[in-house]
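Visitor: I'd like to go through this one label by label. Can you show me the structure and then tell me what each term rests on?

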Amino acid sequence: MRSYWEDTVKYEEKPALEGDISTDVLIVGGGTAGLLCGYMLKNSGADCVIAEAGRIGFGITKGATAKITFQHGCIYDSMIKKRGRENALKYLEIQKAACREYEKLSEKIDCSYEKRDAFVYSLNDREKIEKEALAYERLHERAQFTVNTELPFPVAGAVRTEHQAQFNPLQFCRGLSKELKIYENTKVREIMPGMAKTDRGNIRFRKIIIATHFPIINKHGGYFIKMYQSRSYLTALNGAPLISGMYVDENDTGFTFRSAGEYLFVGGGGHRTGKTDDSPEKLRQFSRKYYPEAREEYFWAAQDCITLDGIPYVGAYSESTPDMLVITGFNKWGFSSAMAGAMILKDIVFERENEYADIFSPSRSMLSVKLFTNIFESAAGLLCPTVPRCPHLGCALKYNPLEHSWDCPCHGSRFEENGELIDNPAIKNAECRTQSAKRFKSSR
């Protein structure tokens, strides 16, 4: 399942670490979030190193729809109700600042950056969309309620925000990486106070940022119950009518749309990783119904970390680890939130106050219905007697026949049929056998 973005960019590999080194700040993870942290810190005078287990940008970033927007579904009405207008306004302000920073960087980095209007729509809940439009009004942000869209079906309503953007994420990562000290194919195996061990040497540091999509350290922070991973799917259609806007359904199971070059992207079918269903086929059926003349040229999957309250975790990894920081949990809005998080972490590293840090604090309240759901799913995975098991926390892996992988329904780690690690939070391979997958397929 190769994404469209992977065929649009080529750049030279970065060297792997050879021997022991020291740095002020070690960033573990070379996706968009890790690269932005490195960029922000380097430009502020910090000596920093990025250690990436594979290749930069070729983890979660390569599967994104690549929208840059402060419009994160119907988040603002909900945030005002749950956390108050002041916090909702701060969230909006830093997301807008993040979007502006991308615009500035796009002047230096050729990344197919294009201004677009963004729409969040509903097929049948006009009231929810009207409330979200009213929330923007309460935050003094311009937004428009409309029923007129470019979509091939009627909607009950949509909120339109102007001057958002889309881009090519791998071109952006390539440009961002040019001035950074990066070691690829350098997997961090163990982290201890002031030092990280890899297969190729040790890295000493004063502060460390864990930017590995899903945090890889279980001892602190409780991220294995504060988040879960969601898998969704995208198709790139050639011959479908192109659209000028970016669209997303307010319903998690709905569809998202944007154009890129001669392709129309249609995405959707979100489900908890490890809970495979017929979402991919539903997406293809939808595409055939509304775009019968189009040809599918790419089909791939994306994976997102979902937090308890829909807001990322950015800050100290835990209250007991002030020199270990984290940036994670983007809830399908990784680009603006990664930039916002990098801006916050820059101030934390330099011990400067940041007025937005409290909103994103990983130590905020965990009380949520989702918390109990996560606990239940983890317990169910641990108690399931089948093999193979995930080396992260020992949950039973489920075979994914679409992608020919073993997926963890507890925390979202994924492995090749032979057990080779694809996605964290696991940091080592699973003891899988190709024969196990063959037995599973033959039993279906």
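Guide: Let's start with a cysteine: Cys305 is buried, with a relative accessible area of 2%. Bear in mind that this is a predicted model.

Visitor: What makes Cys305 count as buried?

Guide: The cut-off for buried is under 20% relative accessible area. Cys305 has 2%, so the label buried applies.

Visitor: And how do you know that Cys305 is in no disulfide?

Guide: A disulfide needs two cysteine sulfur atoms within 2.5 Å. For Cys305 the nearest cysteine sulfur belongs to Cys408 and is 12 Å away, so no disulfide is assigned.

Visitor: What about Cys173, is it buried or exposed?

Guide: Buried, with a relative accessible area of 0%. Cys173 is in no disulfide either: the nearest cysteine sulfur is that of Cys111, 9.9 Å away.

Visitor: Which cysteines do form a disulfide?

Guide: Cys395 and Cys410, with their sulfur atoms 2.3 Å apart. The limit is 2.5 Å, so the pair qualifies. By this rule the count comes to 1 disulfide.

Visitor: Why is the link of Cys395 and Cys410 said to tie parts together?

Guide: Cys395 sits in the loop between helix H10 (369-383) and E20, while Cys410 sits in the loop between E21 and E22, so the link connects parts that are 15 residues apart in sequence. The link is left-handed, with -105 degrees about the S-S bond. Both Cys395 and Cys410 are buried.

Visitor: Now to E15. Why is E15 called largely enclosed?

Guide: In strand E15 (residues 255-260), 6 of the 6 residues are buried, so the rest of the structure largely encloses this strand. Both faces are covered: one side has Phe255, Phe257 and Ser259, the other has Thr256, Arg258 and Ala260, and all are buried.

Visitor: How do you know that E14 and E15 are paired?

Guide: Strand E14 (residues 246-249) and E15 run antiparallel and are joined by 2 bridges. The rule asks for at least two, so this pair passes. Tyr247 has Phe257 of E15 as bridge partner, and a hairpin of 5 residues joins E14 to E15.

Visitor: And which strand is joined to E15 by 6 bridges?

Guide: Strand E16 (residues 263-272), again antiparallel. Ser259 stands opposite Leu264 in E16. The hairpin of E15 and E16 has 2 residues between the strands, and Gly261 takes a positive phi near 60 degrees there.

Visitor: What lines the largest cavity?

Guide: Lining residues include Lys67, Phe119, Tyr247 and Trp333. E14 gives the most, with 3 residues. By class, the lining has 6 nonpolar, 2 polar and 1 charged residues.

Visitor: And which residues line the second largest cavity?

Guide: Among them are Lys226, Asp309, Tyr313 and Arg364. This lining has 4 nonpolar, 1 polar and 3 charged residues.

Visitor: How much space lies in the second largest pocket?

Guide: About 480 Å³. Of its 24 lining residues, Ile191, Met192, Ile217, His220 and Met324 are the closest to the centre. Strand E9 (residues 188-192) gives the most to that lining, with 5 residues.

How values were computed. Residues numbered from 1 in each chain as written. Predicted model: local features only at pLDDT ≥ 70, side-chain atom pairs only at ≥ 80, totals over all residues. Heavy atoms only, no water. Helix = DSSP H or I, 4+ residues; strand = E, 2+ residues; numbered from the N terminus. Buried < 20%, exposed > 50% of the residue type's maximum accessible area, 1.4 Å probe, protein only. 1 Å grid on protein atoms, 1.4 Å probe; cavity = no way out; pocket = protein on both sides within 12 Å on 5 of 7 lines; lining within 4 Å. Points joined across faces, edges and corners; volume = space filled by probe spheres on them. Nonpolar A, V, L, I, M, F, W, Y, C, P; charged D, E, K, R; others polar.
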